[in-house]
Amino acid sequence: MRVATHFGPVLLGLLACTGEPPADASPWAHVVTEMRQLAPCADPGARTTEKFTSNNGSPLQGKAVYRAHGAGAVVADFTGNDMLDVLVLSDRTLEYYVADQPGDLRRMSTGWHDLQLDVDLGFGAAAADYDGDGDLDVYISRYGSPNVLFDNDGAGRFVDVAELLGVDGGDRHRSASATWSDFDNDGDLDLIVAGHGLAPEDGTPVEDYGPGDPSLLFRNDGTSGFTDVSDLIPQRIHQAYSFIPTFVDLDGDGWRDLFVANDFGAKHTPALLAWNRQGTFVLDDAAANLDQRLSAMGVGLGDVNEDGVWDLLLPAWGKMALMQSSSAGVWVDQANALGLLPDRTDNQVVAWGCELADMDNDQDLDAMVVFGFIDTETGRNQPDQPDGLWLAQPEGPMVEVADEWGIATRGSARGVVTADLNDDGYLDLVVPDLGGPSRLHLSRCGTEGFLKVALQMPGANPDAVGATVVAELPDGQVQRRAILSGGTSYGSSGPAQAHFGLGSHAHVAALRVLWPDGALSEVRNVPSGHAITVQRLH
C-alpha cells in the first residue's frame, strides 16, 4: 500500500525554457500544477510471485444472455473524493460501486438513482462532464431501448435527462458504444453513439444483411441542450453494424477524425475512417488502409511505434489487427509480426474489448484483450474463453503472459478498463462479464517508476477530453497518451487521465500538453512516483 502526501500548487507553466514561441506556433497556455507524491511500494518483492490479486464482484443479476450487447464498464470519480468508482452494465442490471478507499469498492444498492428507471439492456457507457459543472455525468447506451444520460448532482447521485435533452435515441435504436468528444472544436463535448442493428439469425448470409441501425451524433449547444446532427456522418457508416466510434486526430490538423469499428466487417461493412474537415466528415475511401475487413469488436489506441502518429488495435473474431502508422501515410497491420495472435488451441476465439497500456511500467505499450463466448448462428465458438495480455519486448515479438500473471480468466467478457484504482501507480483491470461475475484485478506494485497525469481547463470541457499528453524521458524516449471519454475498449470508458510507465527513470524531462484547442504547455523535470494535475489558467 502506498501512502499519499500532498504538495500545494506550484507555478510551472511555461511551454519552453526560453523566449517566446515561433510566430507560427499555437498559443502557449500557462498552467499551475499540483503534484501528489506516492510513497514507495511497501513490498515490491510480492510482485515477483503474484502480479495481481483478483476479486469477483457481485454476480450480475438475472439470467446470463450471451449476446453481443451488454457488459461494458466505466471507471471514474463520480463522487468527487479523488477516488475512482466503477459502473458495470449487463443485459439485466446496472451495478454501481463507490470507493471508500482507493481500490476498496462498495456496491450501492439504493439511493443513487430512481429505482423506477428502466436500465436493463445496457450496452455501454461513457463518463464526462458534459455540462461543465464540475462533476462527471454518464451516458448509458442501450440495445433496443431509450438511452440514458445520468446527470450527476456532484455526490454521485444521478437523474436521467436524456429525453429532456433530446439524446435518448428513441425507443427502438440498437445503440452500441458511446463516445464524448468536441468534434466541432467549439469548446464543449459532443456525443456520438454507434448504431448496431438486429442481425437475422435465420441463416441469411452476412453479405445479404440489410443496413444496421444508423449511428447518432449530437452536437452540444451549451445551455440550450443538444442538436441531432447525425446527417454529418457519412451514409456508409450509418449502414454498418457498428460497435465503437473513436474520435482521434490522425492527421495532426487539430480536428478529431472519426474511426468506427464495425461488426461483420469481413463480409458486410469494414472498419471505416472519416476525416474531420472542420466539422464535416469525409470518408477516407481506403486510402489510409484502416478499412480492415474483419469483425472488429473494439479499439485500442496508442502510439506503439512512437512516431508521433496514433496506432490502433482491433480485436476481432479469430484474429487481431494492430494498425501501425508508416512514413507513407498509411497504416499497416503488424499483429502477426509482433506475435499478437490469439491462441485458438486454448479457445481464444472471439476478442472483444482491448486497451493499449503499459501494464508493467517498463516504458512501452502492452495489449490487454478480453475474450468471450457469443451465442450466435453466424459463427462457431465455445464458452470459457481466456483473456490475454501481450507484453511488448525491447526486441522481438510480444509475449503472452495472462495465465502466468493470473488474469487469464475464462468467461464471457466484453469490455475491459485499465485504470489505477488503488492509487499505487500500476494499472488495474475491470472486466465485466455477461455470464457474471464481474472481475477486479488489482495489480501489485513494484519498483518501476510511473507518472499519472490529469488535466483541468476552464470552460465547458474541464477535464480536457481530446488533449494529448507527451512525456519526454531523460533517455530521449517520447511517450504519448490521449485523454478520452469512451472510444476505446468495448462499451467502456476509463478515467480522463494519462498513465506513463517510466522504468528506472527518476523523472520526466519534459511533460507537454497539447490542449483540445491547439494551445501548448510544458512542465519540466517532473519526478517519478507522482500524480500530477496540470491546470490551465486561461
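A cavity is a set of points, on a 1 Å grid over the protein atoms alone, where a 1.4 Å probe fits but cannot get out, and lining residues have an atom within 4 Å of a point. A volume is the space filled by probe spheres set on the points, with grid points joined across faces, edges and corners. By these terms the second largest cavity has a volume of about 60 Å³.

The structure is a predicted model, in which local features need pLDDT of at least 70, side-chain atom pairs count only at pLDDT 80 or more, and totals for chains, interfaces and linings use all residues. Residues are numbered from 1 along each chain as its sequence is written, and side-chain values use heavy atoms, with hydrogens and water left out.

**Cavities**

- The structure holds four cavities of 30 Å³ or more.
- The largest cavity has a volume of about 520 Å³. It is lined by 30 residues, and those closest to its centre are Glu355, Thr418, Ala482, Pro495 and Gln497.
- At least two lining residues of the largest cavity come from each of strand E21 (300–302), strand E25 (351–357), strand E31 (417–419), E36 and strand E37 (497–503). Strands (E, at least two residues) and helices (H or I, at least four residues) are DSSP runs, numbered from the N terminus.
- The lining of the largest cavity comprises 14 nonpolar, 10 polar and six charged residues. Here Ala, Val, Leu, Ile, Met, Phe, Trp, Tyr, Cys and Pro count as nonpolar, Asp, Glu, Lys and Arg as charged, and the others, Gly among them, as polar.
- Arg236, Leu272, Leu273, Leu283, Asp284, Asp285, Ala286, Leu290 and Asp291 line the second largest cavity. By class they are five nonpolar, no polar and four charged.

- A pocket is an open set of points with protein on both sides within 12 Å along at least five of seven lines.

**Disulfide**

- One disulfide (a pair of cysteine sulfur atoms within 2.5 Å) is found in a search of the whole structure.
- The disulfide is formed by cysteine 41 and cysteine 445, with sulfur atoms 2.0 Å apart. The link is right-handed, with 70 degrees about the S-S bond.
- Distant parts of the chain are linked by this pair, 404 residues apart. Cysteine 41 lies in the loop between strand E3 (31–38) and helix H1 (46–49), and cysteine 445 in the loop between strand E33 (439–443) and strand E34 (449–456).
- Both cysteine 41 and cysteine 445 are buried, where buried means under 20% relative accessible area, exposed over 50%, and partly exposed in between (1.4 Å probe, protein chains only).

**Strand E33**

- Five of the five residues of E33 are buried. Arg439, His441 and Ser443 are covered on one side, and Leu440 and Leu442 on the other.
- E33 is joined to strand E4 (residues 52–56) by five bridges and runs antiparallel to it; threonine 53 has leucine 442 as its bridge partner. Two strands pair if DSSP finds at least two bridges between them.
- E33 also pairs with strand E32 (residues 428–431) in the antiparallel sense, over three bridges. The bridge partner of valine 430 in E33 is leucine 440.

**Four-stranded sheet**

- An open, antiparallel sheet of four strands has the order E36-E35-E38-E39. Its edge strands, each pairing on one side only, are E36 (478–482) and E39 (520–527).
- Strand E35 (residues 468–472) and E36 are antiparallel and joined by five bridges. Alanine 471 has glutamine 479 as its bridge partner in E36.

**Individual residues**

- Asparagine 525 lies in strand E39 and has a positive phi of about 55 degrees although it is not a glycine. It counts as exposed because its relative accessible area is 55%.
- Asparagine 185 lies in the loop between E13 and E14, with a positive phi near 55 degrees. It is partly exposed because its relative accessibility is 29%.
- Glycine 187 lies in the loop between strand E13 (175–181) and strand E14 (190–195). Its C-alpha atom is separated by 8.0 Å from that of proline 516, 329 residues apart along the chain.
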